[in-house]
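Here's a quick briefing on a fold, its salt bridges and a patch on its surface. Have a look at the model before reading on.

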Amino acid sequence: MNTHLQKIKEYLRSLSEIIKILVTRFYKIGTGETKLTRDFIFLFASWFSLLIFFSFFILAEQNPFRLLVPFQLYSYPSLDHREPIVIYISNGEGEQIPIHRKVLKREETGDFIYQIVGEVGSPPYFDSVEALAKDGKLFSPKKLLDIRFALKQTWFVEKGNKLVIDWNVQILQDVMEKYRLPRTKSDEADTDEENTNTPVDTITYYTSGTETGPKEPEEVIQKRRSLAMESTIRALNASLFENFKDLKTIEHKFSGEGNPVYHWDLISPLAIRP
């Protein structure tokens with residue numbers, strides 16, 4: 001242990017001697033007692049330039065030794081493997097517009113259909129492209145139902161001209177009950193007619209309010225649920241027709257049944273290419 005302390009003391013003593021010599025030499029150079037030599041100027045400029053060189057890399061948080069590796073000075077461009085697909089978005093009131101989204105397109109047809117269902121139910125991006133309709137008017141997109149987990153099976157019939165989609169009714173019901181249904185313009189107009197001084201109530205934006213908040217009539221709730229599901233199915237049909245050019249008919253089955261249930265009067269189980 002004493003041996004290590006002695007070595008440390010010797011190193012510190014030698015370092016202090018070097019510092020004293022440098023300080024004395026710089027002092028004599030500054031006062032003019034010692035004239036500058038070419039060797040000193042070269043060494044000083046070299047070490048000072050090297051110090052500045054490494055300081056720039058330290059401030060930029062980069063590794064200076066990347067310069068020693070060929071083709072590593074500039075990073076390689078990131079390749080985007082996503083492909084644009086057409087997805088229809090809706091304002092929740094029957095109007096919908098097509099937009100382009102880049103996705104990692106699945107090769108299998110069933111996986112690609114599942115991917116389209118997920119994109120239709122994903123939140124809108126609210127960018128300048130999705131906010132404008134074809135005629136240039138403002139378009140207010142609403143989030144549709146995320147029903148991809150209710151997708152049981154899909155298959156093509158009639159030589160690929162007809163697509164059959166089977167849904168799990170129980171999962172669809174759970175999605176509709178938990179989904180946050182936004183107010184539509186017609187609902188806001190009815191509220192304003194009843195009492196123009198009533199503030200907008202955000203609690204009833206949910207399907208059935210909260211335990212402590214106000215409750216909406218069951219008829220109004222069922223109407224919103226049906227409208228949300230109908231808008232989702234319509235947007236999905238339009239998206240599938242756009243991405244499958246040979247597709248002419250889409251048939252929806254609900255747990256194997258051809259008729260919609262759960263008061264879905266607005267939903268048509270059969271869609272034909274317009």
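For the surface patch below, a nonpolar patch joins Val, Leu, Ile, Met, Phe, Trp or Tyr side chains within 5 Å, using residues with over 30% relative accessible area and no salt bridge. Keep in mind that this is a predicted model.

**The nonpolar patch**
- F42, L43, W47, L50, F53, F54, I58, F65, L68 and V69 make up a nonpolar surface patch, and together they have about 1,100 Å² of accessible area.
- One of them, L50, sits in helix α2 (residues 38–59), and its relative accessibility of 36% makes L50 partly exposed.

**Overall build**
- The protein has 6 helices and 6 strands, running α-α-β-β-α-β-β-α-α-α-β-β from the N terminus.
- Of its 274 residues, 31% are buried.
- Among contacts with a separation of 6 or more, 55% come from residues 24 or more positions apart.

**Salt bridges**
- The count comes to 9 salt bridges.
- K162 and E251 pair up at 2.8 Å, N to O; K162 is in strand β4 (residues 162–167) and E251 in strand β5 (residues 249–254), so this pair ties together parts 89 residues apart in sequence. Both K162 and E251 are buried.
- R234 bridges to E230 at 3.5 Å, and the two are 4 residues apart in helix α6 (residues 218–243), about one helical turn. R234 is partly exposed at 32% relative accessible area, while E230 is buried at 16%.

Notes
Residues are numbered from 1 along each chain as its sequence is written. This is a predicted model: local features need pLDDT of at least 70, side-chain atom pairs count only at pLDDT 80 or more; totals for chains, interfaces and linings use all residues. Side-chain values use heavy atoms; hydrogens and water are left out. Patches are made of residues with over 30% relative accessible area and no salt bridge: like charges are joined within 9 Å, nonpolar side chains (Val, Leu, Ile, Met, Phe, Trp, Tyr) within 5 Å. Accessible areas come from the Shrake-Rupley method with a 1.4 Å probe; for residues, only the protein chains shown count as cover. A salt bridge is a side-chain nitrogen of Lys or Arg within 4 Å of a carboxyl oxygen of Asp or Glu. Buried means under 20% relative accessible area, exposed over 50%, partly exposed in between (1.4 Å probe, protein chains only). Contact means heavy atoms within 4.5 Å.
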